[in-house]
Amino acid sequence: MGAAMNALFSWRKTQAIDLEQCLQLHPTRNGAEIVGEVRAASAWKQLLGMAHATRSAVVEMRQKDQVEIVGFGLGSFVKKSFVEDELRNPRPGLNARVIESIVDDNPVIATYAEVRDANTRGDLQQVILDTSWKYGTLAEEQVHEVRVLLGRAYQEIFAGYRFSRILWESVDGHDLWHLKDQRSFRLVDRFEDFRRANPETTWNADRALLAATSESMRADPHSIAAELFQHHVQPQFGLRRGEQELLELALEGGDDVSIAKSLFVTLPAIKRRWSNIFERVGAIRPDLCPADGDGTRGIQKRQRILTYVRSHPEELRPFGFKV
């Protein structure tokens with residue numbers, strides 16, 4: 001046990017190569033009940049590629065020379081009509097219906113325009129499809145550390161968005177046990193009516209639908225997600241989507257060459273985006289981005305802007321500005 005407790009934990013954003021290992025952590029959450037494992041795995045890859053609506057993180061455990069994924073979390077913004085239907089007609093299989101919609105090429109995942117418009121109104125609807133950690137081999141203290149890191153990752157990757165509701169389905173008694181002491185997610189339905197109407201159902205009996213809203217967050221103001229429901233700050237600069245993508249990658253340490261490859265654009269295009277960012281920011285906050293004549297170099301402007309948006313993530317989120 002002593003060696004196990006010397007393990008080091010850290011989180012990072014999920015990559016496509018991680019998915020197979022991630023989906024093994026808690027297979028009941030994979031949403032494969034309707035479409036099968038193979039098509040569900042393909043749908044998860046598509047989900048991960050929907051960067052406008054889906055964000056995800058893994059927790060890694062480093063022990064001696066070995067690195068292992070021991071935690072995984074993924075949330076997606078979905079269409080409001082889908083959430084409203086789930087609340088009107090509660091039934092098991094929330095993840096399965098999301099996955100089925102992707103396989104059927106009729107995804108309930110919100111489009112970029114829908115994310116932008118809902119974020120502007122403070123009306124974003126999210127489904128948390130996974131928040132899992134490795135069972136059996138981690139000590140209780142290690143499970144706690146993994147959960148804390150998943151929470152920190154969630155807070156960081158969704159900071160600056162303006163939420164209205166988060167749905168999450170507990171898929172077994174283990175899930176419900178870990179939720180018993182927190183107040184931000186409230187029980188919506190244990191699916192008793194569904195089971196009475198469908199006595200032959202094969203869905204396991206310890207599933208439940210839970211939701212977090214601004215009302216539930218007021219009861220748990222110290223929740224990690226509470227700030228996502230507080231819509232006090234609006235972005236100033238009206239950055240375009242490509243400019244926001246550039247800044248996010250720069251915050252992660254990318255240089256212009258690697259960012260150009262990630263965004264599938266040319267290096268001159270990245271230079272133009274930086275120039276446009278300087279112009280936009282300088283017009284509103286010349287203290288952050290002074291005019292070229294004052295001797296401030298481009299690298300200094302970049303650092304000032306990156307420092308600002310790191311603490312003002314709303315600048316990096318889709319938002320509708322009047323032209």
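Trainee: How many aromatic pairs does a search of the whole structure find?
Mentor: It finds 12 aromatic pairs. Keep in mind that this is a predicted model.

Trainee: Take W44 and F72, then. How do those rings sit?
Mentor: W44 and F72 make a tilted pair, with 6.2 Å from centre to centre and 55° between the planes. They link distant parts of the chain: W44 is in helix α3 (residues 37–49) and F72 in strand β3, 28 residues apart.

Trainee: And are they buried or exposed?
Mentor: W44 is buried, at 0% relative accessible area. F72 is buried too, with 0% relative accessibility.

Trainee: What about Y154 and F158, what geometry do they have?
Mentor: That pair is tilted as well, 4.9 Å centre to centre with 50° between the planes. Y154 has a relative accessible area of 16% and counts as buried, because the cut-off is under 20%. F158 is buried at 0%.

Trainee: Switching to charges over rings: which residue lies over the face of Y112?
Mentor: That's R241, at 4.0 Å from the ring centre. There is also K301, which lies over the face of F278 at 5.4 Å from the ring centre.

Trainee: Okay, salt bridges now. How many are there?
Mentor: The count comes to 27 salt bridges. In one of them, the side chains of E68 and K134 meet at 2.1 Å, N to O. E68 belongs to strand β3 (residues 66–77), while K134 is in the loop between β4 (124–133) and α7 (140–157), so the pair links distant parts of the chain, 66 residues apart.

Trainee: How accessible are E68 and K134?
Mentor: Both count as partly exposed: E68 has 23% relative accessibility and K134 has 27%.

Trainee: What does E243 pair with?
Mentor: E243 forms a salt bridge with R280, and their closest N and O atoms are 3.3 Å apart. The bridge connects helix α11 (residues 241–251) to helix α13 (residues 267–284). E243 is buried at 3% relative accessibility, whereas R280 is partly exposed at 21%.

Trainee: Which residue bridges to K271?
Mentor: D256 does, with the closest N and O atoms 3.1 Å apart. D256 lies in helix α12 (residues 256–263) and K271 in helix α13, so the bridge ties together parts 15 residues apart in sequence. D256 is buried, at 10%, and K271 is partly exposed, at 44%.

Conventions
Residues are numbered from 1 along each chain as its sequence is written. This is a predicted model: local features need pLDDT of at least 70, side-chain atom pairs count only at pLDDT 80 or more; totals for chains, interfaces and linings use all residues. Side-chain values use heavy atoms; hydrogens and water are left out. A salt bridge is a side-chain nitrogen of Lys or Arg within 4 Å of a carboxyl oxygen of Asp or Glu. Helices (H or I, at least four residues) and strands (E, at least two) are DSSP runs, numbered from the N terminus. Buried means under 20% relative accessible area, exposed over 50%, partly exposed in between (1.4 Å probe, protein chains only). Rings of Phe, Tyr and Trp (its six-membered ring) pair if their centres lie within 6.5 Å; planes under 30 degrees apart count as stacked, over 60 as edge-to-face and the rest as tilted. A charge sits over a ring if NZ of Lys or CZ of Arg is within 6 Å of the ring centre and within 35 degrees of the ring normal.
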